[in-house]
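Let me put it up and jot down what I find.

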Amino acid sequence: MPVVPAQSGSERFFLLRVWYPSAHVRAKRSSAWRLFGHSTRRNELKPAVVYVSVSMQLPSQDSKLFVRGNSLGLSWERGSALERGDESSADVWLLRLALRADANDVRWPQRLELKVLIDDTIWQVGANVTTDVRDQPAVLDIYPFFFSRSGQYTVLDDVYSPQLGNQRSVGVYLPLSYHENHFTPAYPVLVMHDGQNLFDPAVSTFGATWRCHETLDGLINGGFMSEIVVVGVYNTPDRFNEMTTNADAYLDFIEQVVLPTVQKRYRVRVGRDSLGMLGSSLGGLVSTYAGWTRSCVWGRVAHMSIQFNCDDCRDANLFLRDTVLRSPPAKCATQFYIDSGVPCEGDGDQITSVVNIMSEYIATENISTCIDYGGRHDEHSWANRVHVPLTRLYPPSVSVCQPLVDVDGVLHFEKS
């Protein structure tokens, strides 16, 4: 377990660890990491001291690592160089940052944003690393990537459902950093319905897809959303019943078969704060049902293309209004997104009616909406606006610092 000597009473430590794999020496996450022994005089430095620790393979032996940011002495114009570790951690680089003692007007928490660079020229890809620095010892882990520009898509065939007595394929999208930075412990998961229509036009029911691969890659590259694993559950000829009257068995299949299968194969986390569900039409209906009745499992759900006035979907509409929205939801507060394509501006009554019903039971700040004027009930329109629920359900995250504990004059932190 790494330890840091406790400093004089007026000082606090904020430790930033950046994890990146090396092809030559792959440091194990369970190994002990020794921070450099910097000395600090009393009253010379104010509360926040930051150690940046990076483990990675550099393009060449002459390359160095830098950090740029917005506070704690960092700048966006010029990077601060990291210092290489000792022989026991040859691929570890460290940087110490601190507030001066005369910074008496500091208000906590401070919002810190930063990025790691190679040779102060090659930028870390994606959103800025963001955290709130508080007046207490803490450590922050980050997992940067620099070279990947596209995620990877694969299909798991013949996933059998004992709950439904059938089998189907399940598509899995792995985000950009998945294979570049194996230190990343786990990614949030978004389950999407009608999986064959999401990524590959060769298997799409209508020959067109939601273009999810391109959209996810672009949003992550641009820093508009967090990295996630997308699980696309293919539908079957019994789609209508599975997503309405037999919805509980279908959701049991996802929770008891699909998610455990994905967990065994990939680095994912499926706690309710990380787990989401998204679908359109009937897929949106069953997503709303999951978030309403199983909100302690599903923390984020999206229902695209609500169609209350569709005669062909009369039974589904009754299921939504009577089975789902006319009874109180489970106790946990799920984030809901709902949208609809409407013929012309001003036709938003469907969404308004749903929000009015939902707001009787949950806080309006947990409901997000979008109206797509001119949008249609098809893959083309869903592809054009799927970026909206993706960025609202999984915006760039604010990293949470782990507190450092003073034990007999020594500051300790555990590896996550």
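**Starting at a loop.** I began with Gln124, which sits in the loop between β9 and β10 (129-133). My helices (H or I, at least four residues) and strands (E, at least two) are DSSP runs, numbered from the N terminus. Is Gln124 buried or exposed? With a relative accessibility of 6%, Gln124 counts as buried, where buried means under 20% relative accessible area, exposed over 50% and partly exposed in between (1.4 Å probe, protein chains only). I then looked up its contacts, meaning heavy atoms within 4.5 Å. Leaving aside neighbours within four places in sequence, Gln124 touches Lys115, Val116, Val129, Pro144, Phe145 and Phe146.

**What sort of model this is.** I noted that this is a predicted model, in which local features need pLDDT of at least 70, side-chain atom pairs count only at pLDDT 80 or more, and totals for chains, interfaces and linings use all residues. Residues are numbered from 1 along each chain as its sequence is written, and side-chain values use heavy atoms, with hydrogens and water left out. pLDDT is the predictor's confidence in each residue, from 0 to 100. The chain's average pLDDT is 80, and 71% of the residues score at least 70. Residues 308-312 fall below 50, and that stretch has nine contacts in the model beyond near neighbours in sequence. Residues 1-13 also stay under 50, though the model gives them 50 contacts beyond four places in sequence.

**The whole chain.** I counted eight helices and 22 strands. Of the 416 residues, 55% count as buried. Among contacts between residues at least 6 apart in sequence, 75% join residues at least 24 apart.

**Helix α4.** Next I went to α4, residues 282-293. How far apart are its end C-alpha atoms? They are 16 Å apart, which agrees with the 16 Å that 12 residues should span; the expected span is 1.5 Å times one less than the number of residues. Of those 12 residues, 11 are buried, among them Leu282, Tyr289 and Trp292.

Val286 lies in this helix, and at 0% relative accessibility it counts as buried. Leaving aside neighbours within four places in sequence, Val286 contacts His193, Met243, Ala247, Tyr250, Leu251 and Met277. I checked one of these pairs: Val286 and Leu251 are 35 residues apart in sequence, with 8.4 Å between their C-alpha atoms.

**α3 against α4.** How do the two helices pack? Helix α3 (residues 247-265) meets α4 at an angle of about 80 degrees, and the axes are 11 Å apart. That makes α3 roughly perpendicular to α4. For my own reference, angles under 35 degrees count as roughly parallel, over 145 as roughly antiparallel, 65 to 115 as roughly perpendicular and the rest as oblique. The axes are lines fitted to C-alpha atoms, for helices over the stretch in contact, and angles run from 0 to 180 degrees between N-to-C directions.

On the α3 side I listed Ala247, Asp248, Tyr250 and Leu251, which meet Val286, Tyr289 and Ala290 in α4. By class, this contact has six nonpolar, no polar and one charged residues.

**Arg239.** I found Arg239 in helix α2 (residues 239-242). Arg239 is partly exposed, with a relative accessible area of 22%. Beyond neighbours within four places in sequence, Arg239 contacts Asp194, Ser280, Leu282 and Gly283. Arg239 and Leu282 are 43 residues apart along the chain, and their C-alpha atoms are separated by 8.4 Å.

**Two aspartates with positive phi.** Asp194 has a phi near 50 degrees and lies in the loop between β14 and α1. At 7% relative accessibility, Asp194 counts as buried. Asp119 has a positive phi of about 55 degrees and is found in the loop between β8 (110-118) and β9 (122-123). Asp119 is partly exposed, at 31% relative accessible area.

**Helix α1.** Last stop: α1, residues 212-221. Seven of its 10 residues are buried, so α1 is largely enclosed by the rest of the structure. What covers those buried residues? The cover includes β12 (152-161), β13 (166-174), β14 (189-193), β15 (229-233) and α8 (387-393). After α1 comes Gly223, with a positive phi near 75 degrees.

Note on methods
Ala, Val, Leu, Ile, Met, Phe, Trp, Tyr, Cys and Pro count as nonpolar, Asp, Glu, Lys and Arg as charged, and the others, Gly among them, as polar.
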